[in-house]
Amino acid sequence: MLDHDLPVPQVRDYEVSGGIEDLLLSEVPGVDASVPRRPEAVPGVVSALAAGLRLLHATPIADCPFRHGAAERVEEARERVCAGFVDETDFDEERRGRTAQELLDELDATLPDVRYGIEDAVGDMVFTHGDYSLPNIILNDHGTRVALSGFVDCARAGVGDRYQDLALAARSVASNLGPEWVAHLFEGYGVTQSDERKLRFYTLLDEFF
């Protein structure tokens, strides 16, 4: 990511001791996008979030070794269910009380653009953050003017469907700022008509991680 001048933390130090890994990163100045702001600042927050998505998704992907297509992510979800790594108490409110296996069955039934294990050659693949939610986007505030500062928590970054980011961004905007701002996010990004099937699929997929 640094090779393409994306505003992310730089690695300062890394060591392993006693089986524990420690990673020291530089600071990204500013405050995250989920911090409450005055109402007049909200349009600037949404514009900055859209700008961040455009920046990430315009990043060249030819040399990126991390592939996170829908089929690969579903396989990862399946492995996590089998290993008992999915926290069923942390599901979104609409899915509370259901089991991880039930959600996996739904995921298989709604997998967009692919058949299990076979990536669709026409897939719309870009460089994605992987967890584009407001706490992971750092902003600089100058009164009512808000600007993108950088991205954090990029462990899931890689090549994937742009809706991986759009879906989690929309969910996070609705939760933190209000559902009325989701349309403004899409408009700022350049989406004139969102794919509701993909939005549902990628928010469902996120339950497993």
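1. Helices here are DSSP runs of H or I with at least four residues, and strands are E runs of at least two, numbered from the N terminus.

2. A note on the source. This is a predicted model, in which local features need pLDDT of at least 70 and side-chain atom pairs count only at pLDDT 80 or more, while totals for chains, interfaces and linings use all residues. Residues are numbered from 1 along each chain as its sequence is written, and side-chain values use heavy atoms, with hydrogens and water left out.

3. Which residues of α1 are buried? They are Val42, Gly44, Val45, Val46, Ala48, Leu49, Ala50, Gly52, Leu53, Leu56 and His57. Buried means under 20% relative accessible area, exposed over 50%, and partly exposed in between (1.4 Å probe, protein chains only). Their cover includes β4, β5, β6 (145–151), α4 (162–176) and α5 (182–189).

4. His57 lies in α1. Its relative accessible area is 9%, so His57 is buried. Beyond neighbours within four places in sequence, His57 contacts Val126, Phe127, Thr128, Arg162, Asp165 and Tyr189. Contact means heavy atoms within 4.5 Å. Arg171 is 114 residues from His57 along the chain, and their C-alpha atoms are separated by 18 Å.

5. Asp131 sits in the loop between β4 (125–128) and β5 (137–142). Asp131 counts as buried because its relative accessibility is 14%. Setting aside residues up to four places away in sequence, Asp131 touches Asn136, Asp153, Arg156, Asp165 and Leu168.

6. Now the whole chain. Its secondary structure comes to six helices and seven strands. From the N terminus, the order is β-β-β-α-α-α-β-β-β-β-α-α-α. The radius of gyration is 18 Å, close to the 17 Å that the globule rule gives for 209 residues, so the chain is as compact as a globular protein of that length. That radius is taken over C-alpha atoms, and the rule is 2.2 Å times the number of residues to the power 0.38.

7. Of the 209 residues, 43% count as buried. Among contacts with a separation of 6 or more, 74% come from residues 24 or more positions apart.

8. Charge: the chain has 19 positive and 39 negative side chains. Lys and Arg count as positive, Asp and Glu as negative; His and the chain ends are not counted. The centres of the two sets lie 4 Å apart, with each charge placed at NZ of Lys, CZ of Arg, CG of Asp or CD of Glu.
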